[in-house]
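Hi there,

Here is the structure we talked about handing over. Please have a look at it first, and then read my notes below.

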Amino acid sequence: SVAVVPLAIPLLAGPGAISTVILYAHKGTGFTHHILLGADILVLALILWLLFQLIPWISRHISQTGINIASRIMGLILAAIAVEFIANGLKGLFPALG
């Protein structure tokens with residue numbers, strides 16, 4: 001399970017995650033908003049740490065076929081998100097499409 005964490009860190013703390021935090025930080029004002037945003041980040045970090053700790057247990061209980069199915073479903077979700085980003089970008093470039 002240790003080998004999974006270094007590969008996943010760039011995906012977890014990449015430009016998308018950083019941009020999301022910056023956008024949410026600017027949406028609200030006040031100290032309470034920033035404290036809640038920090039608490040959200042800490043809760044998410046705890047959940048991810050727990051999931052990374054469960055990887056060996058999950059891999060022992062899921063067959064290779066199950067892992068392949070989950071991988072393909074996640075790829076399909078990623079492709080759908082990419083298409084949505086591209087469509088929104090095209091609508092921004094060409095307002096007549098929207």
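**What turned up**

The second largest pocket holds about 330 Å³ of space. A pocket here is an open set of points, on a 1 Å grid over the protein atoms alone, where a 1.4 Å probe fits and protein lies on both sides within 12 Å along at least five of seven lines; lining residues have an atom within 4 Å of a point. Grid points are joined across faces, edges and corners, and the volume is the space filled by probe spheres set on the points.

Before going on, a word on the source: this is a predicted model, in which local features need pLDDT of at least 70 and side-chain atom pairs count only at pLDDT 80 or more, while totals for chains, interfaces and linings use all residues. Residues are numbered from 1 along each chain as its sequence is written, and side-chain values use heavy atoms, with hydrogens and water left out.

Back to the pocket. Its lining includes Leu12, Ala17, Tyr24, Asp40 and Leu48. Helices H2 (15–27) and H3 are the elements that give two or more residues to this lining, and H3 gives the most, with six. Helices are DSSP runs of H or I with at least four residues, strands are runs of E with at least two, and both are numbered from the N terminus. By class, the lining has nine nonpolar residues, one polar and one charged; Ala, Val, Leu, Ile, Met, Phe, Trp, Tyr, Cys and Pro count as nonpolar, Asp, Glu, Lys and Arg as charged, and the others, Gly among them, as polar.

As for the overall fold, the protein chain has four helices and zero strands. Of its 98 residues, 5% are buried (under 20% relative accessible area; exposed is over 50%, and partly exposed is in between, with a 1.4 Å probe and protein chains only).

Helix H3 (residues 31–61) also gives the largest share of a nonpolar surface patch, six residues. The patch covers about 670 Å², and Val43, Leu51, Trp57 and Ile67 are among its members. Patch residues have over 30% relative accessible area and no salt bridge, and nonpolar side chains (Val, Leu, Ile, Met, Phe, Trp, Tyr) are joined within 5 Å, like charges within 9 Å. A salt bridge is a side-chain nitrogen of Lys or Arg within 4 Å of a carboxyl oxygen of Asp or Glu. Leu51 lies in H3 and counts as partly exposed because its relative accessibility is 44%.

Finally, Leu97 sits in the segment after helix H4 (64–93). Leu97 counts as exposed, at 54% relative accessibility.

Best wishes

Terms used: Accessible areas come from the Shrake-Rupley method with a 1.4 Å probe; for residues, only the protein chains shown count as cover.
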